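Hi everyone, thanks for coming.

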Amino acid sequence: MEALSEHTIAFSGLKDGSHAYDFMLGADFFRASGVEEYLDGKVSVKVTLEKSMYLLVTLIHVDGYIEMLCDHCNAPMHQPVEGDQRQIFKLTEENETDEDELVSIDPNAQEINLTHYIFECISLHLPIRHVHLPEDCDPEVADALEIIQVNHEPDPRWAVLNELKHKSA
Ligand SMILES: [Zn+2]
């Protein structure tokens, strides 16, 4: 996901120690994510940044919901999402980036942008399957789906016919 300027933290002027940031993600964020499934949402993001001479340790906490289509009835629903992600930025000339949580940044950098990591934190904590609570599913669609499922049961008479066809061939 492209960086959004509101998630840029200018750390060069900060004192060593702990700093806290709050962001609120809404429709603009989910539109900018380019993920078609994310129709809308409201997610509060709390970031704690621990600054020391060569390290910026950020802890990202997300809490809220994303509006998506229900996998069962296809009507919009609020999928809750909550979780944490730690991301460590190291100011170094070496490339010490690992697959986990460490990213190397230029020792002369003045700021970091967290959009990508916030997006990642949300994606990682979303369940793969998102459905309404059973009683909240669109009742008409749910009924229709049940009928379709019933109709998809293979008709035993076809099996008999198929057998006959094979025998006569
Ligand atoms: Zn549903």
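This is a predicted model: local features need pLDDT of at least 70, side-chain atom pairs count only at pLDDT 80 or more; totals for chains, interfaces and linings use all residues.

First, the layout. The protein chain has four helices and seven strands. Reading from the N terminus, the order is β-β-α-β-β-β-β-β-α-α-α. Of the 169 residues in the chain, 18% are buried. If you take the contacts between residues at least 6 apart in sequence, 61% of them join residues at least 24 apart.

Now to the strands. Let's look at E4, residues 55-69, and E5, residues 76-91, which pair in the antiparallel sense over 15 bridges. At one of those bridges, Leu69 has Pro76 in E5 as its partner. Asn74 counts as exposed because 12 other C-beta atoms lie within 10 Å, and the cut-off for exposed is 12 or fewer.

Strand E6, residues 102-105, runs parallel to E5, and four bridges join them. Here Lys90 is bridged to Ser104 in E6.

While we're on E5, find Ile88, which sits in that strand. Is Ile88 buried, exposed or partly exposed? With 17 other C-beta atoms within 10 Å, Ile88 is partly exposed. Beyond residues up to four places away in sequence, Ile88 touches Leu55, Val57, Glu101 and Leu102. Ile88 also lies 5.8 Å from Leu56, C-alpha to C-alpha, although the two are 32 residues apart in sequence.

As a reminder, in soluble globular proteins, nonpolar side chains tend to be buried together. In this model the largest nonpolar core has 22 residues, and the members touching the most others are Val43, Val45, Ile60, Val62, Ile118, Cys121 and Ile122. Which elements supply at least two residues each to this core? They are helix H1 (27-32), E3, E4, E5 and H2.

Let me zoom in on Val62. Leaving out residues up to four places away in sequence, Val62 touches Val43, Val45, Val81, Glu82, Gly83, Ile118, Cys121, Ile122 and His125.

Some of those names belong to helix H2, residues 115-125, where the buried residues are Thr115, Tyr117, Ile118, Phe119, Cys121 and Ile122. What covers the buried residues of H2? The cover includes strand E3 (40-51), E4, E5 and strand E7 (111-113).

My last stop is Ile9, found in strand E1, residues 8-10. Ile9 is partly exposed, since 19 other C-beta atoms lie within 10 Å, and a buried residue would need 20 or more. Setting aside neighbours within four places in sequence, Ile9 is in contact with Tyr21, Leu49, Glu111, Ile112 and Leu114. Ile9 and Asn113 are 104 residues apart in sequence, and their C-alpha atoms are 6.1 Å apart in space.

Notes:
Residues are numbered from 1 along each chain as its sequence is written. Two strands pair if DSSP finds at least two bridges between them. Two residues are in contact if their C-beta atoms, placed from the backbone, lie within 7 Å. A nonpolar core is a set of buried Ala, Val, Leu, Ile, Met, Phe, Trp, Tyr and Cys residues joined through C-beta atoms within 7 Å.
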